[in-house]
Amino acid sequence: MVAVKPEAESTKKKEMVHSPILTYFSVITLLSTCPPFVILLWYTMVHQDGSILNTFSYLKDHGFEGFVNIWPKPTVIAWKIIACYALFEAALQLWLPGKRVEGPISPTGNKPVYKANGVLAYAVTLVTYISLWWFGIFNPTVVYDHLGEIYSALIFGSLIFCVILYIKGHLAPSSTDSGSSGNIIFDFYWGMELYPRIGKNFDIKVFTNCRFGMMSWAVLAVTYCIKQYETNGKVADSMLVNTVLMLVYITKFFWWEAGYWNTMDIAHDRAGFYICWGCLVWVPSIYTSPGMYLVNHPVNLGPQLAISILIAGILCIYINYDCDRQRQEFRRTNGKSTVWGKAPSKIVASYTTTKGETKTSLLLTSGWWGLSRHFHYVPEIMAAFFWTVPALFDNFLPYFYFVFLTILLFDRAKRDDDRCRSKYGKYWKTYCTKVPYRIIPGIY
Ligand code: NDP
């Protein structure tokens, strides 16, 4: 271990990794374009056969008024569906039993505590939803048939929710991991609090990111499948491959949920529009969109192709899981885990918290983490490709999520590198010398 002057980890303006002009531009653009985009995507998938050209020609003919006309009003039934779902998930989060888990030490030295009941909540949600359908109590096709209204309600409801988060961040922060950047737009966009809570136990980011966002992905994947079944009397193999792969991915997510609480989304990104609106609206709409497309496009792949895509997709999800597991086991055991059957190679990096305390972290430099500094994004992106490719290539739109994810993760890798460089200083430099590629080994 080498002793060097540790670098302070800034908690303010940490998000300014790009130039200020570019940051302003991208924040304003995302705030103003994401909501209408969600509606346009839904409209194109459900009413224009997934064809961007059809939507484009509609908008050309009907102009802005045409766009206003396709934007569904948030109806009572939409609000009811959202409220029942949100309350059900909040109740499961609060009351289902689970192991006590500690999150990583925050920049101001706090250690958040969670209840790990994600797998149970996931199982209860899916069993309840499918049972409601099976026993004729609630038909999920209702959700599909009111999807536009639901997205519209989510868009407005989540915006109000983010305003409340902003006000709470100013007036009643839950912990010392909170603060203003001095800029109202950035505070709203990036958030004020790292760990906002209601009371002591109800973690808001666990709710928005995991129990509402990720859970809605699974619920909607099942909804699309049931809708196709109820419309056509059967489910096409393309839809089956898509649904199974998405469910395997989401099952992996909940299996590893306590690990997720150590990642950037939870440990570094504050609760604002970027993360919370993203998880409350973008995940249920954009992330589920390949399945939304397949409802009206029951492509038949044939057993050979279907099984090949399924196996390739599961392999990618497994590798992505194994990358995360390897890093977290390594950190949990304080560098004493084995990595690909050997003792791990590592860098012991020290840094200073905002309170001025010196801490150390271990950086793994072997296994998946020796291939590139963010190799785990490669199988993540490939998995998205494999659950989209059953749609074949008639339209581009089902691939939007795949393209979006690629851009998101390349940007995220840069953000993370910049943050780690300012946190670990020369230790990060050493890591970059040892593992020179950011994402794709040998290329980038
Ligand atoms: P992680 O938080 O898991 O990893 C990055 C963090 O790990 C760094 O900030 C650093 O934190 C620490 N770290 C970096 N290098 C090393 C190393 N060599 N050894 C040990 N620790 C290291 O990344 P993500 O949150 O981006 O990804 C988590 C998972 O979520 C992945 O599977 C990813 O694919 C998935 N994901 C999916 C997205 C989607 O939209 N589908 C979006 C984003 C992620 P520290 O400060 O603790 O050192």
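Hi everyone. Let's start with helix 17, which gives the shell around the ligand its largest share, 10 residues. Please keep in mind that this is a predicted model.

Helix 17 spans 400-424, and it is one of several elements that each supply at least two residues of that shell. The others are helix 14 (303-332), strand 7 (358-364), helix 16 (377-388) and helix 18 (426-434).

What kinds of residues make up the shell, by class? There are 17 nonpolar residues, eight charged ones and four polar ones.

Now, which of the 29 residues around the ligand come nearest? They are Tyr287, Asp324, Tyr377, Asp416 and Tyr424. Let me zoom in on two of them. In Asp324, a side-chain N or O atom sits 2.5 Å from an oxygen atom of the ligand. For Tyr287, the distance from a polar side-chain atom to a ligand oxygen is 2.6 Å. Tyr401 also has a polar side-chain atom to look at, 3.3 Å from a nitrogen atom of the ligand. As for the ligand's surface, it exposes 900 Å² when taken alone, and the protein buries 94% of that.

One last topic: cysteines. A disulfide needs the two sulfur atoms within 2.5 Å. Starting from Cys432 leads back to Cys420, again at 9.0 Å.

Notes: Residues numbered from 1 in each chain as written. Predicted model: local features only at pLDDT ≥ 70, side-chain atom pairs only at ≥ 80, totals over all residues. Heavy atoms only, no water. Near = heavy atom within 4 Å. Polar contact = N/O pair within 3.5 Å; in protein donor to acceptor, adjacent residues only side chain to side chain. Areas by Shrake-Rupley, 256 points an atom, 1.4 Å probe, with all protein chains shown as cover. Helix = DSSP H or I, 4+ residues; strand = E, 2+ residues; numbered from the N terminus. Nonpolar A, V, L, I, M, F, W, Y, C, P; charged D, E, K, R; others polar.
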